Every structure is written in C-alpha cells, then in structure tokens.
Amino acid sequence: MTWSFSLGRLLGSELRVHVTFLLLLAWVGFAAYSAGGLPAAIDNLIFVLALFACVVAHEFGHALMARRYGIKTPDITLLPIGGLARLERMPEKPMQEVYVALAGPAVNIVIWIVLVALGAGTPFETFAQIDSPGTGLLDRLAYINLLLAAFNMIPAFPMDGGRVFRALLCLRMDRVKATRLAAIGGQIVAIGLGFLGLSTANPILVLIAVFVFIAANAESQDVALRSAARRVLARDAMITEFHALSPSDTLSTAAQAVIHTTQHEFPVLEDDPGLLGFVTRDRLFAALASDQPRSTSALSVMDADIPSVALTTGLEEVLEHLHKGAPAIAVVTHGGRMVGYITRENIGELMVIQGR
C-alpha cells in the first residue's frame, strides 16, 4: 500500500502505518487540546494508541490462524478506519476460512476478558461516554473491544462476518457464486452504513462503508478471475508481439518506444541468454521527471526481479506472481529464451474476450 511506512517486523509480518493514521492522531490531539487542554489531548492520544494496539492484535489473530494453513501475511497496515492484514491468499476450504475470519474477533473477546479480570467494567453508560476522559481507560478499552468484535461480525463481505457468511455459502454452492452473493450482501450493508454515517455525521463510518462497498466488488471479481484462470495456461495469455529494449539503450530511446507503441512494459533483452529485466512506463516517467539526463542507460530504471514461468504453467500461478507486485511475468522455453510475457492488463482482456 502506497503512502505507508514500516515500523518493523513482528511475528513474521511487516507492521506498517499509513500516513493518514498520523493525520488521525493529529486531529484527535488537536480536538482534545482545544476542548480540554494538554491533559485531555494526552489522555485521548493514549486511548487511540491503545485502541489501535488492540486492532493490531486483531489483525495478528487472522495472520497467525492463516499461518496454521500455510498462508503467510507479508504485512499489516494501520489505517484510520482500522487495520488491514494482507494475506497471500484466503483459504479456499470453507471451514478454514471460517476459523481465519473468527480469529480476529476472538482476540478482541480475549482482550475484553483480560481487561475485565483487571477490574474494567462495561456498563451501558460507557458507550455514551466512550470518548470522555472521565471514563477510565480500562473501561473504555474493554467496551471498545466488545464493539470491535461485534462490528466485525456484521455480515458485510469482506469484513470478518461477511467472510464467515461466504464460507457457509461455499458449503452449498461453488466459490464464485458464493462470493458474488456475499459481495452483493456486503454492498447492501455498506449502503446502510453509509446512510447511517451521513445521518449521524460520522466520517469514519462513511469511510468504512466506502471501503466495504469497493472491496466487496474487487474481491468478487478477483475470485471469478482466479476460477477462470485455473483452466488457462500461460501460453494462452502471453503477449508475443512486443518492442524490446537492448542493454545499450538510453532513457531517450525508451521514451521514444513509449511514444511509438502502446506498451506499458518493455523487456530488456540481450542476445544470450535473454531477458535482463523490464523497464516500466511508470519508472521511466519518474526518471524523466527527476531531470535525469536522457543519455542515462535505461538499465538504471530497469526492474530486474522478474519471475519467469514455462509455457504450460497455469495462469493461476501467474496471478500469484503478479499479486506479489511483479510488473510482468516472462514466459520462457525450456532453454530459458523469453517468447512472451503476461501483465494484469492482458489477463483482464483475455477474460473479457472469453466471456468470463
């Protein structure tokens, strides 16, 4: 995720913070300071940081449960609307997905139990005074963890409750149809949350509604794409007619290639053994915008970390490589010669042409 920076690694995952989260802290601190001075600002900031520590624990609940099924979580990002654990993939066995989805809210329930054992109370009045410094920190944290567990179990895909709903549907129908139904349900709930957020002037709730609506549709499309990809090989999707750069080409040469072709990615090939890497249009534009001399070698902006697959590799494996951030996937012969490449764009075009 762009506009985020790393805080380090924890339990095998990189913990990242989005810059908008820092804006949230600044806004909370300023609002509290304006209302109650420095003590109120400090109290509210401590509460928000403790709250997001619980959110991080929630996301690690998902990550550690997913690890039991061989699924890694490269990173967890803190956002103003909560946390986002980026799993390499979701488990496709329904009950495994149920356990992964429930692990997050279960962590919040455990935190609530621990806080109650430490003397926290959760009377109903706490809800109305959740942001009041007069309410004890432990009481507020106990209540907010109950709210997090309950809120995340709303059956709005792709929230935790929505994932449980999709997994249960998968017990009775195929995954693509189950995801489509869960996504429609999630978008309906998102519209309701959006209206509630607008009527109560709650911007966070509106942001959550927008996120759920967009993410539900995106994941539904992704599941459909992966299902179709299982029946397609790399040789069926690869681009075979392309303009290539040589190791001696400059930024100026690459810029001319962008003008005279419709390509967004340009393989850099040498006579033997073949592919050195790819120069992408985005990297090239960034270099030109930074006023680098146009006589600079195009190799200076080349991405050399390009995965390669065989002609008979399934397209689902290609999608996994693209999901990890590669700009393109090289398709090579047994001798290592590149005969084509695959991008997200041409996979999408293939699916449209095939009517997926």
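**Close-up views of a predicted model**

**View A. Residues around the second largest pocket.** I239, E241, T262, Q263, H264, E265, Y341, T343, E345, N346 and E349 line the second largest pocket. Here a pocket is an open set of points on a 1 Å grid over the protein atoms alone, where a 1.4 Å probe fits, with protein on both sides within 12 Å along at least five of seven lines; lining residues have an atom within 4 Å of a point. This is a predicted model, in which local features need pLDDT of at least 70 and side-chain atom pairs count only at pLDDT 80 or more, while totals for chains, interfaces and linings use all residues. Residues are numbered from 1 along each chain as its sequence is written, and side-chain values use heavy atoms, without hydrogens and water. With three residues, helix 12 (residues 344–353) gives the most to this lining. Helices are DSSP runs (H or I, at least four residues), numbered from the N terminus.

**View B. Helix 6 beside helix 7.** Helix 6 (residues 175–199) packs against helix 7 (residues 203–229) at an angle of about 170°, and their axes lie 7 Å apart. Axes are lines fitted to C-alpha atoms over the stretch in contact, and angles run from 0 to 180 degrees between N-to-C directions. The two helices are therefore roughly antiparallel (angles over 145 degrees).

**View C. The two sides of helix 10.** L284, A287 and L288 are buried in helix 10 (residues 281–289), where buried means under 20% relative accessible area and exposed over 50% (1.4 Å probe, protein chains only). The face turned away from the buried side carries the exposed residues D282 and A289.

Terms used: Parallel < 35°, antiparallel > 145°, perpendicular 65-115°, else oblique.
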